[in-house]
Amino acid sequence: MNAPRACPDCLRRAWLLVRLAGHLDMQRRDVAGLLERVDADLIEAVGGSLAGDVQAEWERFDTCAYRERCDAVGVQTLCRCDPAYPARLRDLDAAPAVLHVAGRVERFLELVARDSVAIVGARRASPYAMENARALARGVADRLTVISGMASGVDTAAHEGALQGRGATIAVLGSSPERPYPPSGRRLHRDILVAGAAVSELGPGVPARRWMFPARNRIIAALADMTVVVAARKGSGAMLTIAEAEALGRELGGVPGQVTAPLSWGPHIVVKRGGRLVSGPDDLLVAFGLDGVPPGSARERIDDPQLAGLLDALADGYEPSDAFAQAGLDAERGLVALAALEMSGCVRRRAGGRYTIVP
């Protein structure tokens with residue numbers, strides 16, 4: 001099958017978003033409404049004194065040159081005129097005119113045709129949130145397509161978990177699909193392209209701007225059947241994705257956290273408003289009506305009572321020395337037990353001598 005190629009009119013629209021990128025950044029609070037405008041109205045609304053010049057460039061748009069730039073960096077294009085365009089994206093009031101895909105558009109279409117879950121959350125996430133995002137994705141990646149935004153923190157952990165689970169994952173980027181963002185994610189980006197795909201409504205060579213991330217969030221929310229927030233503060237970008245998913249009528253989920261932690265605000269408000277409480281991969285599989293329960297939690301893998309007691313104490317938030325006492329262990333036996341938990345993969349040591357439970 002020949003790979004789909006976007007039509008000239010849709011490519012012109014994709015070019016226009018890049019041409020007006022700086023102007024859109026200045027009006028990013030209304031970016032959702034602006035993206036709903038047709039080309040001429042968008043130029044008039046944000047072009048300012050350069051509107052006439054932009055209009056003239058728009059009329060001279062070179063389709064062949066645009067396609068050559070995409071081909072040069074291995075980016076394929078799919079426009080909303082194409083029957084293969086993902087049906088879920090058509091639910092958006094401003095569906096992307098063009099999807100720019102790195103990692104083979106055929107694979108991308110296969111992945112979006114499956115049941116899918118978006119796993120999102122804070123960039124500056126706690127070890128608890130990172131471990132949960134990674135475990136969720138790892139536990140469902142062979143049954144569901146895992147979607148996220150490749151940002152630092154929870155997004156990165158979700159993609160990593162999906163790849164560890166020998167599944168495929170889609171990264172929706174707020175910049176060009178062939179360029180990892182953040183740049184520190186080069187290796188992850190490369191691994192995603194091998195097993196999955198990176199997609200953006202922006203063409204090749206486009207640096208990230210602030211308006212592009214809320215625009216990106218609407219694509220994540222629309223592509224996924226369900227969106228799960230692992231950790232998010234009030235007003236965060238992850239909660240914008242949740243709001244988009246809710247507006248589209250998608251199912252929502254939240255991973256519970258410590259009630260005093262600001263990062264727990266997002267998941268808890270989602271559950272409070274009727275979203276699904278997600279405590280592990282099995283909750284996601286049940287949500288999609290899938291059989292089969294993933295491997296048990298760390299607690300279920302321990303059959304030694306003393307190790308189980310120490311693990312429970314660490315999970316309750318006790319520092320190691322206090323956890324030893326809770327488990328009835330002296331310091332020497334406690335250190336031996338702690339090492340055994342670490343070697344078994346039930347806990348992971350962090351900086352400062354703290355330990356995180358591996359879900």
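This is a dialogue on how to read a few features of a predicted model.

Colleague: Where do I start, and how many helices and strands are in the chain?

Modeller: Start with the overall make-up. The chain has 17 helices and 11 strands. Of its 359 residues, 53% count as buried.

Colleague: What radius of gyration would a compact globule with 359 residues have, and what does the chain have?

Modeller: The idea is to set the chain beside a rule for globules. For 359 residues the rule gives a radius of gyration near 21 Å, and the chain has 23 Å, which agrees. The C-alpha trace spans about 80 × 45 × 35 Å along its principal axes.

Colleague: What share of the contacts joins residues 24 or more positions apart?

Modeller: Counting contacts with a separation of 6 or more, residues 24 or more positions apart account for 69%.

Colleague: How do I read a helix such as α1?

Modeller: An α-helix has 3.6 residues a turn, so residues three or four places apart point the same way. Helix α1 covers residues 8-19, and at 1.5 Å a residue its 12 residues should span 16 Å; the end C-alpha atoms are 16 Å apart, which agrees.

Colleague: Which residues of α1 are buried?

Modeller: They are Cys-10, Leu-11, Arg-12, Arg-13, Ala-14, Trp-15, Leu-16 and Leu-17.

Colleague: Is Ala-308 buried or exposed?

Modeller: Buried means under 20% relative accessible area. Ala-308 has 5% relative accessibility, so Ala-308 counts as buried. Its place is in helix α15, residues 305-315.

Colleague: Where does Arg-80 lie, and what is Arg-80 in contact with?

Modeller: Arg-80 lies in the loop between β1 (75-79) and β2 (98-102). At 35% relative accessibility, Arg-80 counts as partly exposed. Apart from neighbours within four places in sequence, Arg-80 is in contact with Cys-10, Tyr-85, Arg-90, Ala-95, Pro-96 and Ala-97. Among these, Cys-10 is one of the buried residues of α1.

Terms used. Residues numbered from 1 in each chain as written. Predicted model: local features only at pLDDT ≥ 70, side-chain atom pairs only at ≥ 80, totals over all residues. Heavy atoms only, no water. Helix = DSSP H or I, 4+ residues; strand = E, 2+ residues; numbered from the N terminus. Expected span 1.5 Å × (residues − 1). Buried < 20%, exposed > 50% of the residue type's maximum accessible area, 1.4 Å probe, protein only. Rg over C-alpha atoms; globule rule 2.2 N^0.38 Å. Contact = heavy atoms within 4.5 Å.
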